[in-house]
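Hello,

Here is the structure I promised to pass on. Please have a look, and then read my notes below.

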Number of protein chains: 2
Amino acid sequence: MKCLLIIADGAGDRPCKELKGRTPFQAAKTPNLDSLASRGITGLMDVISPGLPPGSDTAHLALFGYDPKIYYSGRGPFEALGAGVKLKEGDIALRGNIATVKNGIIIDRRAGRRDSKPFEKVLKNIKITSVRGVKPIVRATVEHRFVLILRGKELSPNVTDTDPHKTGKSILASKPLKDSDAARRTALAINEFTNKAMSVLKGHPKNKGSRLKANAVLLRGAGSFLPMPSMRKRYGLRATGIAKGALYSGVARAVGMKTVIPTGATGGINENYASFARTALKTLKKNDFVFVHIKGPDIAGHDGNPLEKVKIIEEIDSMIKEFMRLRNTLIVFTCDHSTPCSRMDHSGDPVPLVMAGPGVRPDDVVSFDEVSVSRGGLNRINGLSLMPIIIDLMDKSKKYGA
Amino acid sequence: MKCLLIIADGAGDRPCKELKGRTPFQAAKTPNLDSLASRGITGLMDVISPGLPPGSDTAHLALFGYDPKIYYSGRGPFEALGAGVKLKEGDIALRGNIATVKNGIIIDRRAGRRDSKPFEKVLKNIKITSVRGVKPIVRATVEHRFVLILRGKELSPNVTDTDPHKTGKSILASKPLKDSDAARRTALAINEFTNKAMSVLKGHPKNKGSRLKANAVLLRGAGSFLPMPSMRKRYGLRATGIAKGALYSGVARAVGMKTVIPTGATGGINENYASFARTALKTLKKNDFVFVHIKGPDIAGHDGNPLEKVKIIEEIDSMIKEFMRLRNTLIVFTCDHSTPCSRMDHSGDPVPLVMAGPGVRPDDVVSFDEVSVSRGGLNRINGLSLMPIIIDLMDKSKKYGA
């Protein structure tokens, strides 16, 4: 028996005025999701805990069965893993942006979304001297993004961002969040890197003639890398993740999955769902567990666009049609969190969940949406319970006791 | 967005013979609660944990989001705060009664519900000599009630009551519940206070000619005061509690709420609900969060009177009518525990809960009672989840992760 886990990022919602008080799941025509609901078991899920808005990173960790309270200290390591960087235990990783500063004020947090690749070399060559034995590692990723890894002893993720997350502000000095030498050392290294980056970027030839010069870096999401037991080791599963976004691939790699990017994937509003379906079906042949990450609904939620969200959900529903004939496969469809269009950000509302396949006890819910599934046979479960339930339905769970 | 939280004390129940097997909520005519259920989301709530009967103090702490396992060691500090006493960290507070003893036997645990105020002065002047550095503080409250605070170093709440909770018994000696010096010191101080109280009350002029003399004190509910983060700090809420009983005001004050007593409030079976409604509507104007405590249903439950409970629930329902036109306000109605008329005491049955207002996902429950809401969209939640869910619906929750 195999498992296909599809996560529609941020697809859960609240009633929308534009949809006459319905949620996008309620308003969308979803014959395939409804068919899964009809033959499967449904319920609500608090991905982290009731009322707490999960980040996508903490949410995916929980959904894969890894407690974020143990394994999460910041997004950095997951971005770095997603970018293909090999991390060592204790590495501090941060997400970086190249940015444009004028008279000490940030005027573009993404330097016009310019590619960071041409600037990778000068950033790589920065040496940290204020703190002993710390080596910075830089990897350019997509567009303006890069990751910074600080490798050395006695470092800590308990430091603040240099990124004020707004234009019109100065770059912040990183500060220790705890009264510890490790946090002070780390903040010092981050600030030295930030200052030296401005120097080496200033006269960079690639900045010549640009209005939005890449003349500064913004750092955020410091996290410490803690190796995790793989899904192979923990559950006995050969697992692969199908995702476009580096953060999602990063979490998948952190738990020992292989990762694939479908041909033509955008990770955006307009997605190549046919390619996702083909890749998933192909990947299932050589794996026990395939995770598919779909970004679109979250973007529509952040944009506050319920009609767009309905459209994307209907497209996802069409993709799911391709999986309806799978045999001997547990199909699980859910969300990592709700991103209500009215809030334009993540919320703590529980997400809908359906599981269909051999062994599940079908309930009498016939429609897939936040309200219908609340009467489902799964009731209301916690995100950390999802994998144990999947593993049990796959008959791979181990008895506790005699 | 604002929140009005109404707690009907002990209103949950079990099927009553006198109501043809219905609970008081099922038997009562509650058009306004039913209307809230129709437009809101409903569910069951285990205020502490399934099957565990909460006290009103531990229940309210949990409902405000403060884990009683951390913040509760006895009712004393909440009674003291409710009486307006300023507490210091580590103070041991106890609830006291003046009582009548004859030949060493308690014949009235409340000295005929006489006022304790005239006896406050002599009790205040008692000095503790058996234990070093312990200062007793006494505050008379309502009727026969007073609070005793022991202020000093190395004291502990782990001591037994001197109150046997029954007439026809002797006053008990307080004993340490743990093998610790602090508990022994505290028990010693309590016993010295109890003995000296009998001496100073014996010839008190106010006892002259009374049949039920206030000639003894009974102490119970020793608790240690631990300062709590305020609701302002924790949730960013300006919060006010509307309650008549000192214990409820005390818990509200402990979490940093202001408190108001509505004009003409009785805290009894016959309540001035119109005044509660007026006070709540007025208080909502200057606050983000208003908590209203209604005592009546609990009294009817303790009295084992289902018909009275039905009547009170219908009166509460009429009060709720006044809130139906509130805009941009989340209305939450629930109970702190069940007090089944058949048991005449608190039980661990889960309580019904409804939340109505902007952002909630309406379910199809149209009647507010213990059984109907069990099919509601909230399913079954824990009391400690209530505030996080409220805060999330108010769009004040903070994301965990990126």
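How many of the 8 residues of α3(B) are buried? Keep in mind that this is a predicted model.

**Helix α3 of chain B**

The count is 8 of 8, so α3(B) is largely enclosed by the rest of the structure. The buried residues are B:Ser56, B:Asp57, B:Thr58, B:Ala59, B:His60, B:Leu61, B:Ala62 and B:Leu63. They pack against β1 (2–8), α4 (68–71), α5 (76–82), α9 and α13 (386–393) of chain B.

One of these partners can be described further. Helix α3 (residues 56–63) of chain B packs on helix α9 (residues 246–254) of chain B at an angle of about 30°. Their axes are 10 Å apart. The crossing of α3(B) past α9(B) is right-handed. From α3(B), the contact uses B:Ser56, B:Asp57, B:His60 and B:Leu61. From α9(B), B:Leu247, B:Tyr248 and B:Val251 take part. By class, this contact has 4 nonpolar, 2 polar and 1 charged residues.

After α3(B) comes B:Gly65, with a positive phi near 90°.

**The 8-stranded sheets**

Next, the sheet in chain B. It is an open sheet of 8 strands with mixed pairing. The order is β9-β8-β10-β1-β11-β12-β2-β13. β9 (258–260) and β13 (379–382) of chain B stand at the edges. Each has a single partner strand, so one side of each is left without a neighbour in the sheet. From one strand to the next, the twist averages 25°.

Within this sheet, strand β11 (residues 329–334) of chain B runs antiparallel to strand β12 (residues 351–356) of chain B. They are joined by 3 bridges. B:Phe333 has B:Val354 in β12(B) as its bridge partner. Helix α2 (residues 31–39) of chain B packs on the sheet. α2 touches β2 (41–46), β11 and β12 of chain B. The direction of α2 makes about 65° with that of β12(B).

Chain A has an open sheet of 8 strands too, in the order β9-β8-β10-β1-β11-β12-β2-β13, and the pairing is mixed. Its edge strands are β9 (258–260) and β13 (379–382) of chain A, and each pairs on one side only. The twist averages 25° from one strand to the next. Strand β8 (residues 239–242) of chain A pairs with strand β10 (residues 289–294) of chain A in the parallel sense, over 4 bridges. In that pair, A:Phe289 of β10(A) stands opposite A:Ala239.

**Strand β7 of chain A**

Strand β7 (residues 216–224) of chain A is mostly covered. 9 of its 9 residues are buried. Strand β3 (residues 92–102) of chain A runs antiparallel to β7(A), and 7 bridges join the two. A:Asn97 has A:Leu218 in β7(A) as its bridge partner.

**An exposed glycine**

A:Gly264 lies in the loop between β9 and α10 (273–285) of chain A. Is A:Gly264 buried or exposed? A:Gly264 has 11 C-beta neighbours inside 10 Å, so it counts as exposed; the cut-off for exposed is 12 or fewer. Leaving out residues up to four places away in sequence, A:Gly264 touches A:Asn272 and A:Ser275. A:Asn195 is 69 residues from A:Gly264 in sequence, and the two are 38 Å apart in space, C-alpha to C-alpha.

**How the chains meet**

What rotation superposes chain A on chain B? The rotation is 122°, with 0.3 Å of shift along its axis and an RMSD of 0.1 Å. That is the relation of a three-fold axis.

The contact takes 31 residues from chain A and 19 residues from chain B. On the side of chain A that touches chain B, α3 (56–63) and β13 of chain A each supply at least two residues. The largest share, 4 residues, comes from α3(A). By class, the residues on that side divide into 11 nonpolar, 12 polar and 8 charged.

Why do the copies meet through different surfaces? Only 10% of the interface residues of chain A are also interface residues in chain B, so the surfaces differ.

Best wishes

Conventions: Residues numbered from 1 in each chain as written. Chains lettered and ligands numbered in written order. Predicted model: local features only at pLDDT ≥ 70, side-chain atom pairs only at ≥ 80, totals over all residues. Pairing = 2+ DSSP bridges. Axes fitted to C-alpha atoms, helices over the stretch in contact; angles between N-to-C directions. Left-handed = near helix turned anticlockwise from the far one by under 90°. Contact = placed C-beta atoms within 7 Å. Nonpolar A, V, L, I, M, F, W, Y, C, P; charged D, E, K, R; others polar. Least-squares fit on C-alpha atoms with pLDDT ≥ 70 in both. Buried ≥ 20, exposed ≤ 12 C-beta atoms within 10 Å, placed from the backbone.
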